[in-house]
Amino acid sequence: MALTKEEVEKVALLARLRLSPDELELMTTQLNKIVEYVEQLREVDTTDVEPLAHPLPVTNVFRRDEVRPSLPREEALRNAPDHDDEFFLVPPVLE
Amino acid sequence: MTASEIVHLTARQLRSLFEEGRLSAEEIVSAYLERIRAYDRHVGAFLLVDEEGALQQARTLDERKARGEPLGPLAAVPVAIKDVLCTQGMRTTCASRILHNFVPPYDATVIRKLREADAVLIGKTNMDEFAMGSSTENSGFQITRNPWDLDRAPGGSSGGSAAAVAACFSPMALGSDTGGSIRQPAALCGVVGLKPTYGRVSRYGLVAFASSLDQVGPFAWDVPDTALLLQVIAGHDPMDSTSVEIEVPDYLATLDQPVGGLRIGVVREWLADGVDEQVAKAVEQAIDVYRALGAKIQDITLPHSKYGIPAYYIVAPAEASSNLARYDGVHYGYRAADYDDMVDMYCRTRAEGFGAEVKRRVMLGTYALSAGYYEAYYLKALKVRRVIREDFDRAFEQVDIVLGPTSPTPAFRLGERIDDPISMYLSDVYTVTANLAGIAGISIPCGFTADGLPVGLQLLAPPFEEERLLRAARMYERETNWHTRRPDLERVVAQFEAKQSASAG
């Protein structure tokens, strides 16, 4: 089942990646090779096998709902490409 | 003691000489910094060397010692840190342009533990971008060369950490292992590297690649130093709900006790097709060493291990595509300069900030999780993952340790695999199953090829049996001296430069 360039373009938008025409071309070729390679998983009979998402049994871990110190706002904003005294700044979402 | 003698000591020796007052922390740190200044321009192991910070830490340790204060188990021992671990106030990039200026406001738990143990954080090491790769060539900033042969890759993704130890830039280093990223570069650089059981070491502050596979672990020249560093970083952490509340044994206390009646299972299919002859020979000779020590050797089979790489290349990219969604140019890191709107800002930021391999994996993961393909790819891979885990469960009913090569080949040439993703992925063919199964593994030096390239022996143990793993590794190490060999950097650099000027002329 080969991926078309259009499908790869759709995936790129889902992944929030802008691909140049050259990149799209190369990505389509490479993704098809990799997908073809992973197709060999079909050889394994997995009837009645439960998926293993995690190597350990994972359970919710709770702690008491107590107020604790958190990262000061100034520290949290320090690495942001654009911010004011209070907020991260982004381009307008609504016109 | 000369600077050159100092950098060839083990962490345990450094710690004792410091304790006994025969070396100051400043002398130790200065010796390593001098070595880094002389040779890292050839090797390229570090993205950041914290000269001032390391010297400051050393002087503080000397003062504390003079006052007779108690000192931690890694006092005055330099440790190099893979640049995937958050270090408060010290730039942490994951070798990605998208995080080129990120300065974490907090320490990863393993970093806090290193500081509490009085280790000296000497710098941040190069890696494949976001730990995606097996040669460190996917770094967004620089390549790292193998200290045994500068034409060759150090392996990856923790190639900078492995090379830093091999080049004696630091006696110890931390790496992370998602599919072999500690064990494979350890093998290619001729040092020891250990991947702990999933859940043994906290992942808090480890920048996430594939959360169900990632684990932080130690690099060192020998098994006792590896045990010492694991001891410091292991243990439950309330900040990581997947770290397990289970006692951490005193690894060093039992390390020199051989495992009585050790049963070793040799993975025959890992010594058949696809493995380099010289690698296979070195591993066979290691098996003979164990046999001579009285271990019971038997062949075992992991029938589904050949599906490890395809299963991994669904599971890991799927998790990565989700984890890397956070790099959007809003909270930290790079933001594109020109864009039309919000979505365009995301798309351009990520296009300009991520390298080719990261883009490939994010695309692959997004595809595998997308509507219509989720069951065929992601769920199928998770089912195969369980079958792989069950192969190990069955093996460990019969044997105590599983043994094989770490990597199918010794260090390969820089550039050799970079244009062929699948050939690069196959570098991890023997390591990746341990991550899928969540078990513990170690790579130790077991010989050299005719060209003088190191070969790694891989041992695997059931979950949380690091003590057994280390003792079994130590049994071999005590009988051999591969771990005492160091690359002669002066000669390696001279040869490399001669070759370069010859090809230029």
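Of the 95 residues of chain A, 33% count as buried, where buried means under 20% relative accessible area, exposed means over 50%, and partly exposed lies in between (1.4 Å probe, protein chains only). The structure is a predicted model, in which local features need pLDDT of at least 70 and side-chain atom pairs count only at pLDDT 80 or more, while totals for chains, interfaces and linings use all residues. Residues are numbered from 1 along each chain as its sequence is written, chains are lettered from A and ligands numbered from 1 in the order in which they are written, and side-chain values use heavy atoms, with hydrogens and water left out.

Chain A holds three helices and zero strands, and from the N terminus on its elements run α-α-α; helices (H or I, at least four residues) and strands (E, at least two) are DSSP runs, numbered from the N terminus. The radius of gyration of chain A is 23 Å, whereas a compact globule of 95 residues would have a value near 12 Å; the radius is taken over C-alpha atoms, and the globule rule is 2.2 Å times the number of residues to the power 0.38. Along the principal axes, the C-alpha atoms of chain A fill a box of roughly 55 × 45 × 25 Å.

The segment after α3 (73-77) of chain A contains A:Asp85, which counts as exposed because its relative accessibility is 72%.

Side chains of opposite charge can pair when their charged atoms come close. A search of the whole structure finds 36 salt bridges over all chains, a salt bridge being a side-chain nitrogen of Lys or Arg within 4 Å of a carboxyl oxygen of Asp or Glu. In chain B, B:Arg64 forms a salt bridge with B:Glu69, with the closest N and O atoms 3.1 Å apart. B:Arg64 counts as buried because its relative accessibility is 19%, whereas B:Glu69, at 30%, counts as partly exposed. The side chain of B:Arg64 also meets that of B:Asp118 in a salt bridge (2.9 Å, N to O). This pair links distant parts of the chain, 54 residues apart, with B:Arg64 in helix α4 (residues 51-66) of chain B and B:Asp118 in the loop between α5 (109-116) and β3 (120-125) of chain B.

A further salt bridge joins B:Asp256 and B:Arg474, whose closest N and O atoms are 2.9 Å apart. Here too distant parts of the chain are linked, 218 residues apart, as B:Asp256 is in the loop between α9 (251-254) and β7 (263-267) of chain B and B:Arg474 is in helix α17 (residues 466-479) of chain B.
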